[in-house]
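Please examine the model shown here before reading the report. The headings mark the topics.

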Amino acid sequence: MPHILIVEDEAAIADTLVYALQSEGFTTTWLSVGGEALAWLEQQPADLLILDVGLPDISGFELCKRLRRVSEVPVMFLTARNGEIDRVVGLEIGADDYVVKPFSPREVAARVKAILKRVAPRPLPEVTPASASGPFQLDEDKVQIHYRGQLLNLTRHEFRLLQQLLARPERVFSREQLLDALGVAAEAGYERNIDSHIKSLRAKLRLVAADAEPIQTHRGLGYSLSLV
Ligand code: CA
């Protein structure tokens, strides 16, 4: 059974979440302060983290940033503020989803299921040899991409993005199509998230070849990849 770590300082909210998640067959751990969460996750894995933005000791955003340096565990934020800033900031620092308080615990459980389905490893095709496209070498089995012979240190989303662009070099993909490739629902606001993943992907490619710029921006349309 998937294990969900809940970091929330309000016991009443945590209780309703624990109840809703356990009724759906999840196991749960509840922590009421952020400081314990990183240490907890170092000791044992969780399949998903539900993280309150307003914690007494550390902001949920800050905790997520620190977590992302060491872990790709899916994160869902609980936020009290229904603002665009929260949503965009939350997604840019690597969260997978967010809900605004007050929320329906059943809806949270449904979203948790959806995220876990999205991030589940896809069944491997019979044979997926490493394939070379120009300076890129994609190895789906190892979930690795080499660029000009150097292994790129990519996040899950960056890998999927580059994999999608590599599937059809020179083709212009809209942000919506790229979101599809990530398995993220195309909703308003999420599209800027693609821009931030592209930005960090470009930075990583630049570390290998400073002037090559293989990812092209097409204003108002989207992005394409050149095999340079
Ligand atoms: Ca709180």
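The report below covers a metal site, a pocket, aromatic pairs and some backbone features.

## Basis

This is a predicted model, in which local features need pLDDT of at least 70 and side-chain atom pairs count only at pLDDT 80 or more, while totals for chains, interfaces and linings use all residues. Residues are numbered from 1 along each chain as its sequence is written, and side-chain values use heavy atoms, with hydrogens and water left out.

Helices (H or I, at least four residues) and strands (E, at least two) are DSSP runs, numbered from the N terminus.

## Calcium site

The calcium ion has as protein donors D9 (OD), D52 (OD) and G54 (O), which lie 2.2 to 2.3 Å from it. Donors are N, O and S atoms within 2.8 Å of the metal (3.2 Å for Na, K and Ca); water is not among the atoms, so sites may look incomplete. The spacing of the donor residues in sequence is D-x42-D-x1-G. Distant parts of the chain are linked by D9, in the loop between β1 (3–7) and α1 (11–23), and D52, in strand β3 (residues 48–52), which are 43 residues apart.

D9 has 30% relative accessibility and counts as partly exposed, whereas D52 is buried at a relative accessible area of 3%. Here buried means under 20% relative accessible area, exposed over 50%, and partly exposed in between (1.4 Å probe, protein chains only).

## Second largest pocket

On a 1 Å grid over the protein atoms alone, a pocket is an open set of points where a 1.4 Å probe fits, with protein on both sides within 12 Å along at least five of seven lines; lining residues have an atom within 4 Å of a point. The second largest pocket has a volume of about 290 Å³, a volume being the space filled by probe spheres set on the points, which are joined across faces, edges and corners. Its lining has 17 residues, and R68, E92, G94, T155 and H197 lie nearest the centre. Two or more lining residues come from each of α4 (84–92), α6 (156–167) and α8 (190–208). The largest share, 5 residues, is from α8.

By class, the lining of this pocket holds 3 nonpolar, 6 polar and 8 charged residues. Ala, Val, Leu, Ile, Met, Phe, Trp, Tyr, Cys and Pro count as nonpolar, Asp, Glu, Lys and Arg as charged, and the others, Gly among them, as polar. Domain 1 (3–119) and domain 2 (136–225) each supply at least three lining residues; the bounds come from an automatic or database domain assignment.

## Aromatic pairs

Rings of Phe, Tyr and Trp (its six-membered ring) pair if their centres lie within 6.5 Å; planes under 30 degrees apart count as stacked, over 60 as edge-to-face and the rest as tilted. The count by this rule is 2 aromatic pairs. F61 and F77 form an edge-to-face pair, with ring centres 5.0 Å apart and planes at 85°. F61 is in helix α3 (residues 60–68) and F77 in strand β4 (residues 75–79), so the pair ties together parts 16 residues apart in sequence. Both F61 and F77 are buried.

F136 and Y147 are stacked, at 4.6 Å centre to centre and 25° between the planes. This pair links strand β7 (residues 136–139) and strand β8 (residues 144–147), its residues being 11 apart. F136 and Y147 are both buried.

## Backbone features

K101 and P102 are joined by a cis peptide bond with omega of about -5°; P102 lies in the loop between β5 (97–100) and α5 (105–119).

V143, not a glycine, has a positive phi of about 50° and lies in the loop between β7 and β8. R148 also has a positive phi, near 50°, in the loop between β8 and β9 (150–151).
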